[in-house]
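Biologist: Please take a close look at the aromatic rings here. Walk me through them in one go.

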Amino acid sequence: MKMDDRGASFVAVRRTNPHGETCNSNSAEAVAGSAAWLGRGLSCVCAQRRDSDASSFFDLTLAQEECLQRLQRRIDVPYDSSVIEHQEALRALWNVAFPEEELRGLISEQWKEMGWQGKDPSTDFRGGGFISLENFLFFARNFPKSFQDLLWKREGDRSVWEYPFAVAGVNITFMLVQMLDIEAENESAFDLLYCIAFKLMDHQWLSMRASYMDFNTVMKSTRRELEKELLQEEVLRLEDLPSYKLLSR
């Protein structure tokens, strides 16, 4: 592990070809951030700077590097209300959230029921981009019980002034993008980590007996807890994270 001019830690990364030989790669020369998350198939390792480390190298296969590039492209896509695919994804989100209530339009007061700030969700997606909508859909389809529990605030002794569900979800996407550099053969690892982080955030919210004005404090606490779990030596895949047990299908 090395330090750059700003004092931030980074991990030098080497790419390997299928024969195990090290290749030069400008695109994967370094992964910057306070924590670099490296995928090994379904397993993962989180590495942070240690004073005793002169340098650390992690080998990426071509498949892993290609997956990293696909994930980066997903992160770079802004939400665009004029794109048909984005419109359909937004309708799909409404349908999985409120299957018994018909959506009257993509711009509608109904969206406030889900916790958007106004009648047009596209204005809230600016912070997380299209991937935040994809994260919502992945969560709703793969862990429907946990998704609905969070949407309707079914668990715990809730505050009078609760966090808005939709805005919280976009904030979690934004937090993970800032927090992690993810490289994995399974591109859906980011989506699964989103589900874990959302459920962990709600768990922190309840344990801190938080109210609306405490949201930023809860987010910081969630990030610290998630980073701590990722550093545990026994965590070799996302399913090993203690907070994964909070999810239910």
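Modeller: Start with a charge. The charged end of K153 sits over the ring of Y163, 4.3 Å from its centre. That label requires NZ of Lys or CZ of Arg within 6 Å of the ring centre and within 35 degrees of the ring normal.

A word on the source. This is a predicted model, where local features need pLDDT of at least 70, side-chain atom pairs count only at pLDDT 80 or more, and totals for chains, interfaces and linings use all residues. Residues are numbered from 1 along each chain as its sequence is written, and side-chain values use heavy atoms, with hydrogens and water left out.

Now the ring pairs. The structure holds 17 aromatic pairs. Rings of Phe, Tyr and Trp (its six-membered ring) pair if their centres lie within 6.5 Å; planes under 30 degrees apart are stacked, over 60 edge-to-face, the rest tilted. W116 and F125 make a tilted pair, 4.9 Å centre to centre with 55 degrees between the planes. W116 is buried at 4% relative accessibility (buried is under 20% relative accessible area, exposed over 50%, partly exposed in between, with a 1.4 Å probe and protein chains only). F125 is buried too, at 0%.

W116 also pairs with F136. Their centres are 5.9 Å apart and their planes at 65 degrees, so this pair is edge-to-face. W116 lies in the loop between α2 (84–97) and α3 (130–142), and F136 in helix α3, so the pair ties together parts 20 residues apart in sequence. Helices (H or I, at least four residues) are DSSP runs, numbered from the N terminus. F136 is buried, at 0% relative accessibility.

W116, F125 and F136 belong to one aromatic cluster, whose members also include Y79, F139 and Y194.

Terms used: Helix = DSSP H or I, 4+ residues; strand = E, 2+ residues; numbered from the N terminus.
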